[in-house]
Amino acid sequence: MSEPLDALEQRIAELRAEVRRAVKARDTSLARLLRADLRRAERAWDEAVVTEEAGKPAEEAGPALREPGAALMPIREQVHQALLLLGVPTAAKLVVAVNEAFFAGGLRSPQLSSLRRDEERSFRSDPYARPYYLCAALTDRLSPARGLLADSTWPLEARVVGPLSPRVDFLTAAVRIAEHLTRLAEPPPGAVRLLSRMAQNIPGAVEGGFGPADPATVVGAARAELEVHLPADTAQRAEVAARAGDQLTEVERLFGAAALSTLRGAC
């Protein structure tokens with residue numbers, strides 16, 4: 001059996017295990033994405049078998065077989081998968097790191113630079129044709145937050161950011177990553193390293209301030225700090241979301257308003 005088929009079979013086994021863990025954890029969004037990835041891997045395996053039966057090397061079946069982890073899922077779906085795990089507006093650098101740590105890998109920050117603009121063009125040409133869009137987080141000026149991606153299915157309160165939101169979202173992301181690690185029978189080393197780097201910026205999250213982070217300790221430390229910041233951040237976000245709902249068009253609620261257009265509500 002060819003090496004690409006072996007790699008696909010290993011990927012299928014890994015995906016099945018990940019689906020079971022996501023279902024057990026009642027993470028329905030992640031389970032849905034993993035099942036879609038599993039179906040693509042199984043289709044690629046079927047195509048590879050047919051190719052071998054026809055007497056062709058499996059390498060000729062296409063790039064999805066040469067790179068089974070990264071190529072099976074389109075870039076936007078890889079980004080969406082990372083956003084679902086994190087649950088907060090996220091910069092490209094962290095999206096890439098989470099994708100590399102937990103999923104197929106293969107994303108690069110430059111690939112994400114034009115993604116939001118592509119999503120906006122798609123929405124404008126055929127609104128709501130897709131089940132989700134990778135949209136912008138909105139600032140308190142109702143303009144798109146530079147470099148932050150969000151999920152269009154999140155409520156407005158989760159897609160806007162205020163002065164405290166960067167810290168709140170960092171802590172929330174750390175909690176989500178730590179909790180996801182605890183659900184994995186064999187946590188990927190890259191994911192442990194990612195959490196450990198994040199824990200360096202959370203007081204009390206790493207014993208002695210250095211070394212590998214314990215997920216439960218990170219969760220406790222992050223939640224303790226969240227108790228300090230979350231009430232004010234929630235109130236600020238609710239105020240911004242209310243203005244966005246009143247003043248912005250459908251497109252602007254997802255992708256932000258031009259600076260001058262946000263003044264129309266104040267006139």
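In β3 of this predicted model, Leu149 is the bridge partner of Thr90, and this pair belongs to the antiparallel pairing of β1 with β3, which runs over two bridges.

Taken together, the three strands make an open sheet with the order β1-β3-β2 and antiparallel pairing. Because β1 (90-91) and β2 (134-138) each have a single partner strand, they stand at the edges, and one side of each is left without a neighbour in the sheet. Helix α5, formed by residues 75-86, packs on this sheet and touches β1, β2 and β3, with a direction that makes about 85° with that of β3.

Val79 touches Val95, Leu107, Leu112, Leu115, Leu134 and Leu149, when residues up to four places away in sequence are not counted. Val79 is also listed, together with Val98, Phe102, Ile177, Ile202 and Val218, among the residues with the most contacts inside the largest nonpolar core, which has 58 residues. The element that gives the most to this core is helix α10 (residues 165-182), with eight residues. Apart from this core lies another, of nine residues, which include Leu138, Leu142, Val240 and Ala257.

Helix α10 has 18 residues and reaches 25 Å from its first C-alpha to its last, a span close to the 26 Å expected at 1.5 Å a residue. Its buried residues include the nonpolar Val168, Leu171, Val175, Ile177 and Leu181, but also Ser165, Asp169 and His180. In general, an α-helix has 3.6 residues a turn, so residues three or four places apart point the same way.

For the protein as a whole, the secondary structure comes to 13 helices and three strands. Of its 267 residues, 46% count as buried, and the accessible surface comes to about 13,500 Å², of which 55% belongs to carbon and sulfur atoms. Among the contacts between residues at least 6 apart in sequence, 60% join residues that are at least 24 apart.

Conventions: Residues are numbered from 1 along each chain as its sequence is written. This is a predicted model: local features need pLDDT of at least 70, side-chain atom pairs count only at pLDDT 80 or more; totals for chains, interfaces and linings use all residues. Side-chain values use heavy atoms; hydrogens and water are left out. A nonpolar core is a set of buried Ala, Val, Leu, Ile, Met, Phe, Trp, Tyr and Cys residues joined through side-chain atoms within 4.5 Å. Buried means under 20% relative accessible area, exposed over 50%, partly exposed in between (1.4 Å probe, protein chains only). Helices (H or I, at least four residues) and strands (E, at least two) are DSSP runs, numbered from the N terminus. Contact means heavy atoms within 4.5 Å. Two strands pair if DSSP finds at least two bridges between them. Axes are lines fitted to C-alpha atoms, for helices over the stretch in contact, and angles run from 0 to 180 degrees between N-to-C directions. Accessible areas come from the Shrake-Rupley method with a 1.4 Å probe; for residues, only the protein chains shown count as cover. The expected span of a helix is 1.5 Å times one less than its number of residues.
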